[in-house]
Amino acid sequence: MRILLVEDDSILGAAVRDHIVASSHSVDWVTRLDAATAYLESAAYDLVLLDMMLPDGQGISFLRSMRMKGCATPVIILTALDQISDRIQGLNAGADDYMTKPFDLSELSARLNAVARRYSGNPNPLVEIGDLQIDLAARTVARGGRPIDLTAREWALFEAFVQRPGQIMSKVQLEERLYAFGAEVESNTIEVHVSRLRKKLGHSVIDTVRGIGYRLGNAR
Amino acid sequence: MMLPRSLQWRLSLWLGLGVALLWAVAAVVTAHKLRHEMNEVFDSALEETAQRILPLAVLDIIGRDHDGDDDAEQSVATLRRHDEYFTYVVRDSEGKVLLRSHNADLAVFPPFAGTGFADTSTHRIYFDAALRGTVTIAVAEPLAHRRAVAEEVLLGLALPLGLVIPLSLLGVWAVVRLSMAPIRTFRSGIEARGGGDLTAVAADGLPSEIRPIAMAVNHLLERLRRTLEAERSFTANSAHELRTPVAAALAQTQRLIAEAPNEATRRRARHIETALRRLSRLSEKLMQLARAEGGRLQAAQPVNVATVLRVLVDEMTMDDPKQIELVLADAPVFSDIDADAFAILARNLIENALKHGSRHEPVRVALSADGVLRVFNAGSAVPADMLARLAEPFERGGAQGEGAGLGLAIAKAIASGIGGRIELVSPREGRQDGFEARFIPDK
């Protein structure tokens, strides 16, 4: 998943960013709302992690204006405001989840996976494609009960296909999911990872749509 | 006599009594003056009568002397019989009656004692003399007559008085009541403020004597509101200021655990993590306690606590929905308690039940239509002496578990802050085991 992290505390932000990267998602981290607005407009994100009290304004008004503009990207609020009225206000403004600081990083992972699953129309973490058993929560793939090892990047790519069955994704879209802004992307990275996935999971797992991109194979 | 406490009744009473008294005094003085004037008029009529009759009587008597018949006492012929107010006798110097009015009673007339007025016990009498004292006249008027006239006049004065006094009392009462209306409006404005509403009370149309009081009340309300708001934002800000660094430290520590190169480092990092969790829990509880013992526990507008409770239970059961069984009334439950204060109270009761209850049975949370919150948990019963100590700060039931021992103290502080109470019951009603914490919002 590609995640936008809006958090002005540098120590907390760094830990959350590292944790998200370690869970094989890509993340852009901004510390101000004006930057968040610019990033949201320039790229497609799967999820926004939003702090409430930021140097240039309140996260809640940012969320409201985001929803008003018709942006449906899931938002998880990360905040020090722990009162129930803040929580109700946050959820009413269109947040998908509301976590109060301090929180466990493992808890954060669980919540963001849950929200992402909800949005991909597949709230069930266990998916079967062909003879593959995929656990989106545990991030594992198995064939006939035998687990198949995927690297973090391979998993991130594969998850993107599983979450959008039938949808064609361009190379650029896939690259965006894999890398945060500024990260080095070589021209053939996607091809390399797709071919590795086909080798591990079977050739029919991903179809190539010539001149457009890739989609999940219909070998099921 | 007990003086009435109400300003309205006091004013009505004193003004009414004052008016009545003044009126009565005026009536008495008038009556007195009138009586005096009347006496003068009556006296002058008496004198006039004597002076009119005497010359005629003298002529009559002299004429009679020529006839030589001088022993006859004569009464004046009358046209017809009638009641007389004035009776008179004409007598010679020896007191012999020469002439008298037909109704004259001789016993009434004392002997002549010089020209002028004289009083007997029953009559007012005027004497006059002619022909150098050889003929005298005495005209008598009964005092009863004068008294009757005076009484009639007095009655004429008193009768309207009897009508006017109640009327003026009523008028005074109505005027006072009308003038007090803005004060009553002001008072009910203050009364309607309730616990949470600290907006200024409208002071329009108040009399200038009361206006400064209204201003002072409004200033006080404004100051109170600002103080409470400052306290509230202080609590919220310090929560933010504390939570963010703790969150940063915890997240960094958890990254450290994940990235630690060896088991020893990982173990150390886990100790830091545990300490940080403890720190965060304790600071959270202390903040809640400060909030509970501070102001702003009452909401400006009624709050649907059922919604608050549902959101709270949703949050608390994110990991395991089977932990808590929530029973809500069908209709919204409105209460004057601040939503956040209620959430803190309910959270502490539920956390307490989760911590001390049995793992095999869910905690039961029930909110009745009258706002009574009951939290039940299974587990061994709590002895009575322990039950009494439980709500004290830093008292941990059973001493095991990781709580700061502040939960019930926080709930109790919030409950008493809004005029309600917390009741602890163990064992549960109709059971041998378990524990029930009950929040009763008022009285």
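Modeller: Two strands count as paired if DSSP finds at least two bridges between them. Keep that in mind, as this is a predicted model.

Biologist: Fine. What makes strand 9 and strand 10 of chain A a pair?

Modeller: Strand 9 (residues 132–135) and strand 10 (residues 140–143) of chain A share four bridges, in the antiparallel sense. The cut-off is at least two bridges, so they count as paired. One of the bridges joins A:Ile134 to A:Val141, which sits in strand 10 of chain A.

Biologist: Where do those two strands sit in their sheet?

Modeller: The sheet is an open one of four strands in chain A, ordered 8-9-10-11, with antiparallel pairing. Strand 8 (126–129) and strand 11 (146–148) of chain A are at the edges.

Biologist: What makes strand 8 and strand 11 of chain A edge strands?

Modeller: Each has a single partner strand, so one side of each has no neighbour in the sheet.

Biologist: On to helix 4 of chain A. Which of its residues are buried?

Modeller: In helix 4 (residues 84–92) of chain A, the buried ones include A:Ile84, A:Arg87 and A:Gly90. To be called buried, a residue needs 20 or more other C-beta atoms within 10 Å of its own.

Biologist: How do you know that the buried residues line one face of helix 4 of chain A?

Modeller: Look down the helix axis: the buried residues of helix 4 of chain A fall within an arc of 120°, so they line one face. Their cover includes helix 3 (59–68), strand 6 (75–79) and strand 7 (97–100) of chain A, plus helix 5 (305–316) and helix 6 (339–356) of chain B. After helix 4 of chain A comes A:Gly94, with a positive phi near 115°.

Biologist: Last one: why is helix 4 of chain B called roughly parallel to helix 8 of chain B?

Modeller: Helix 4 (residues 263–293) and helix 8 (residues 407–417) of chain B pack at about 15°, with their axes 8 Å apart. Angles under 35 degrees count as roughly parallel, so these two helices of chain B qualify. Their crossing is left-handed. Among the residues making the contact are B:Leu289 of helix 4 and B:Ile410 of helix 8.

Conventions: Residues are numbered from 1 along each chain as its sequence is written. Chains are lettered from A and ligands numbered from 1 in the order in which they are written. This is a predicted model: local features need pLDDT of at least 70, side-chain atom pairs count only at pLDDT 80 or more; totals for chains, interfaces and linings use all residues. A residue is buried if 20 or more other C-beta atoms lie within 10 Å of its own, exposed if 12 or fewer, and partly exposed in between; C-beta atoms are placed from the backbone. The arc is that of the directions from the helix axis to the C-beta atoms. Two residues are in contact if their C-beta atoms, placed from the backbone, lie within 7 Å. Axes are lines fitted to C-alpha atoms, for helices over the stretch in contact, and angles run from 0 to 180 degrees between N-to-C directions. Angles under 35 degrees count as roughly parallel, over 145 as roughly antiparallel, 65 to 115 as roughly perpendicular and the rest as oblique. A crossing is left-handed if the near helix is turned anticlockwise from the far one by less than a right angle, and right-handed if clockwise.
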